[in-house]
Amino acid sequence: MFRILLLFSLFLSTSHASDLCVADLKGIKNPAGYPCKSKVTVNDFVFSGFKAGNTSNVFKAALTPAFVDEFPGVNGLGFSAARLDLDVGGIIPMHSHPSGSELLIMVSGHITAGFIASDNSVFLKTLSKGDLMIFPQGLLHFQLNSGNRKATAFFTYSSTNPGAQLLDLALFGNNLDSILVQKSTFLDPAQVKKLKGAFGGSY
Ligand SMILES: *[C@@H]1O[C@H](CO)[C@@H](O)[C@H](O)[C@H]1NC(C)=O
């Protein structure tokens with residue numbers, strides 16, 4: 001009897017269904033995610049962090065991620081989420097996600113959003129409550145609150161860790177020699193100096 005109890009308690013404490021792989025954030029992250037943690041509860045599959053973000057910043061915007069680092073339950077499942085809050089005039093500037101496509105789900109307000117395809121054609125739309133819009137993987141896109149009140153949206157991504165590269169930061173938030181920035185962007189020295197100043201690059 002004791003042996004059976006012992007076996008039973010071992011089973012309860014150490015094992016879970018083999019199809020569950022909640023991220024062990026203490027493990028080493030690789031492109032496929034994290035190793036699985038051994039003990040799993042329902043709270044690993046629930047994310048309660050989607051409160052209104054703080055939009056007191058130069059972008060008048062707050063993006064609250066629920067990627068694998070914030071929401072370990074998405075580990076290995078190929079999707080994740082985020083919440084977007086935009087004040088009037090707020091913007092998520094031109095950027096791309098190297099590792100996932102994005103689906104925007106409008107909750108309130110009005111957002112003018114667009115992406116630029118690899119042939120430079122522009123796909124632009126002003127969205128309101130209930131609208132969904134897709135931003136395909138790797139393409140440059142932006143979202144602007146074009147309404148007269150706050151706007152809120154949710155995102156899902158086809159990756160647990162979509163990554164993000166902001167165009168202005170990539171171009172001007174770096175320590176690449178300013179001559180090379182001028183040559184590679186066709187901007188004049190004064191513009192490069194101003195933009196490197198604004199985005200924290202060394203001039
Ligand atoms: C929002 O961010 C600003 C700037 O960082 C800060 O001064 C302010 O206290 C923050 N507000 C809240 C409610 O956290």
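## His141 and its surroundings

In this predicted model, His141 touches Pro93, Met94, His95, Ser96, His97, Glu102, Gly114, Phe115 and Phe135, leaving aside residues up to four places away in sequence. The residue belongs to strand S8, which runs over residues 140-145. His141 has a relative accessible area of 1%, and because buried means under 20%, His141 is classed as buried.

One of the neighbours of His141 is Glu102. The side chains of these two residues make a polar contact of 3.4 Å.

## The annotated binding site

A UniProt annotation from an unreviewed entry, "binding site", covers His95, His97, Glu102 and His141. These residues are spread over 47 residues of sequence but cluster in space, with a largest C-alpha distance of 11.8 Å. From this set, His95, His97 and Glu102 are part of the lining of the largest pocket.

A "binding site" annotation in the unreviewed UniProt entry also covers His97 and Glu102. Both His97 and Glu102 are included in the lining of the largest pocket.

## Glu102 and His97

Glu102 lies in strand S4, residues 102-108. Its relative accessible area is 2%, and Glu102 is buried. Not counting residues up to four places away in sequence, Glu102 touches His95, His97, Met133, Ile134, Phe135, His141, Gln143, Phe155, Thr156 and Tyr157.

His97 is placed in the loop between S3 and S4. With a relative accessible area of 5%, His97 is buried. Its contacts, again without residues up to four places away in sequence, are Glu102, Gln137, Gly138, His141, Tyr157, Pro162, Gly163 and Ala164. The side chains of His97 and Glu102 are joined by a polar contact of 2.7 Å. Glu102 therefore has a side-chain polar contact with His97 as well as one with His141, and Glu102 is itself buried at 2% relative accessible area.

## The largest pocket

The volume of the largest pocket is about 220 Å³. Its lining is made up of 17 residues, and Leu63, Ile92, His95, Ala164 and Leu166 lie nearest the centre. Elements S1, S3 and S9 each give two or more residues to this lining.

The pocket and the annotation share residues: His95, His97 and Glu102 occur in the lining. Of these, His95 is among the residues nearest the pocket centre. Ala164, also among the residues nearest the centre, is one of the contacts of His97.

## Salt bridges

How many salt bridges does a search of the whole structure find? The search finds 4. One of them joins Asp69 and Lys29, with the closest N and O atoms 2.6 Å apart. This pair links distant parts of the chain, with Asp69 in the loop between S1 and strand S2 (80-86) and Lys29 in the loop between H1 and S1, 40 residues apart. Asp69 is partly exposed at 34% relative accessibility, and Lys29 is partly exposed with a relative accessible area of 34%.

Another salt bridge is formed by Lys150 and Asp87, at 3.2 Å from N to O. Lys150 sits in the loop between S8 and strand S9 (151-157) and Asp87 in the loop between S2 and strand S3 (91-96), so this pair ties together parts that are 63 residues apart in sequence. Lys150 counts as exposed at 52% relative accessibility, whereas Asp87 counts as partly exposed at 22%. Asp44 forms a salt bridge with Lys37, the closest N and O atoms being 2.9 Å apart. In this pair Asp44 is buried at 11% relative accessibility, while Lys37 is partly exposed at 25%.

## Positive phi angles

Most residues other than glycine have a negative phi. Lys60 has a positive phi, near 50°. It is located in the loop between helix H1 (2-14) and strand S1 (61-66). Lys60 is partly exposed, with a relative accessible area of 39%.

Phe186 is not a glycine either, and its phi is positive at about 65°. Phe186 lies in the loop between helix H3 (178-185) and helix H4 (189-199). Is Phe186 buried or exposed? At 77% relative accessibility, Phe186 counts as exposed.

How values were computed. Residues numbered from 1 in each chain as written. Predicted model: local features only at pLDDT ≥ 70, side-chain atom pairs only at ≥ 80, totals over all residues. Heavy atoms only, no water. UniProt positions renumbered as here; feature names shortened; annotations may be inferred. 1 Å grid on protein atoms, 1.4 Å probe; cavity = no way out; pocket = protein on both sides within 12 Å on 5 of 7 lines; lining within 4 Å. Helix = DSSP H or I, 4+ residues; strand = E, 2+ residues; numbered from the N terminus. Buried < 20%, exposed > 50% of the residue type's maximum accessible area, 1.4 Å probe, protein only. Contact = heavy atoms within 4.5 Å. Polar contact = N/O pair within 3.5 Å; in protein donor to acceptor, adjacent residues only side chain to side chain. Salt bridge = Lys/Arg side-chain N within 4 Å of Asp/Glu carboxyl O. Points joined across faces, edges and corners; volume = space filled by probe spheres on them.
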